[in-house]
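My plan is to look things up one by one and write down what I find.

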Amino acid sequence: MSADKKEEAGPPVLTLRVQTPRGLWSMDEPKDADKRPQYAISTKIQQVINDARSVFKFVEEDSKYTLLLGKEVLVPERPLASYHLPDGTLLILSVQGGNA
Amino acid sequence: MSVSSDISLEAVRAELPVAARYAAAAGLTLDASALSADSLRFYVTFENRDGERFFAEFDCRDYPLYPPTVEFVSEDRGERGTLRLYPQGFHTTPCVCTRYNRKAYQERGGPHGDWRLLDWRLPTGQGVGIDTLALMVSDLDAKIRQSSGRMG
């Protein structure tokens, strides 16, 4: 492939699925989502967390939101590419409330 | 005031699919096989950071007017509420000290005389209100996953 064609193709893109406690975020769920979990692999994990929160209206700033791959906590500052995720990977948005 | 068991069953059944999908994605086992109007209970198995397993019972009598009673039980469910069944990090009563646990309220023998059962959907401390079964599973999983050891 020529350099020109590489440029035309743009950066590699990854399609994810994110299970949240309010439902699954995917390319077709929820129906009324204003964004979809499709990202350039250079995107930071924090952006995925922010978008999943936005779609499911987790607006509270004081809660702890974490993105998990199975039992592994994904580091917000790292790019998606650093985890070598295959297309269609299921991630989990963990939501933690406060303690008394 | 109480809720008919049929209504509670309907409410739990309406919420369980999302809770079950969340639990499955998070690698947790959710067992609602014995759920009925006569037994409004389901169970979730959690793991702490050392891989120790903890078995939580959600007793949903009077749900959704009141929150479930969340209690740790033994794997065979023959023992309940003892210190050794609890992960570290919760109130040493022992009790999951959150508004979504009926056991935490003083009127149910818990430590919180400053909470009203009818307000159970309010946030505990600050942050998001844990007001669905799936959010309860997420919250407990997050807390237990970070903990190490047992209370007793």
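Predicted model: local features only at pLDDT ≥ 70, side-chain atom pairs only at ≥ 80, totals over all residues.

**Entry 1. Terms and a first residue.**

Is M136(B) buried or exposed? I counted 25 C-beta neighbours inside 10 Å, so M136(B) is buried. The cut-off for that word is 20 or more. Next I checked contacts, leaving out residues up to four places away in sequence. M136(B) touches Y100(B) and I130(B). Y100(B) is 36 residues from M136(B) in sequence, yet their C-alpha atoms are 7.3 Å apart.

Entry 2. I stayed with α2(B). I then tested its length. At 1.5 Å a residue, 13 residues should span 18 Å. The end C-alpha atoms of α2(B) are 18 Å apart, which agrees.

**Entry 3. The core.** I turned to the largest nonpolar core, which has 57 residues. Which of them touch the most other members? I wrote down V48(A), L67(A), L93(A), A19(B), A23(B), A56(B) and V137(B). From chain A they are α2 (45–56), β5 and β7. From chain B they are α1 (5–25), β2 (41–47), β3 (53–59), β4 (69–73) and α2. The largest share, seven residues, comes from α2(B).

Leaving out residues up to four places away in sequence, V48(A) touches L16(A), V18(A), P37(A), Y39(A), T43(A) and L67(A).

**Entry 4. The sheet in chain A.** Next I traced the strands. Five of them form an open sheet in the order β3-β2-β7-β5-β6, with mixed pairing.

I followed β2(A), residues 17–20, in both directions. With β3(A) it pairs in the antiparallel sense over three bridges. Q19(A) stands opposite L24(A) there. A hairpin of two residues joins β2(A) to β3(A). With β7(A), β2(A) pairs in the parallel sense over three bridges. On that side R17(A) stands opposite L90(A).

**Entry 5. Helices on the sheet.** α2(A) touches β2, β3, β5 and β7 of chain A, and its direction makes about 115° with that of β5(A). α2(B) packs on the sheet too, touching β5 and β7 of chain A. The direction of α2(B) makes about 85° with that of β7(A).

**Entry 6. Where the chains meet.** How many residues are in contact between the chains? I noted 22 residues of chain A and 24 residues of chain B. On the chain A side, β3 (23–25), β5 (64–69) and β7 (90–96) each supply at least two residues. β7(A) gives the largest share, five residues. By class, this side of chain A has eight nonpolar, 10 polar and four charged residues.

**Entry 7. Backbone details.** I ended with the loops. The peptide bond from E29(A) to P30(A) is cis, with omega near -20°. P30(A) lies in the loop between β3 and β4 of chain A. A cis bond also joins T93(B) and P94(B), with omega about 5°. P94(B) is in the loop between β4 and α2 of chain B.

Then I checked phi. H84(A) is not a glycine, but its phi is positive, near 50°. H84(A) sits in the loop between β6 and β7 of chain A. With 8 other C-beta atoms within 10 Å, H84(A) is exposed. R77(B), also not a glycine, has a positive phi of about 65°. R77(B) is in the loop between β4 and α2 of chain B. With 13 other C-beta atoms within 10 Å, R77(B) counts as partly exposed.

Key
Residues numbered from 1 in each chain as written. Chains lettered and ligands numbered in written order. Contact = placed C-beta atoms within 7 Å. Helix = DSSP H or I, 4+ residues; strand = E, 2+ residues; numbered from the N terminus. Nonpolar A, V, L, I, M, F, W, Y, C, P; charged D, E, K, R; others polar. Buried ≥ 20, exposed ≤ 12 C-beta atoms within 10 Å, placed from the backbone. Core = buried A, V, L, I, M, F, W, Y, C linked by C-beta atoms within 7 Å. Pairing = 2+ DSSP bridges. Axes fitted to C-alpha atoms, helices over the stretch in contact; angles between N-to-C directions. Expected span 1.5 Å × (residues − 1).
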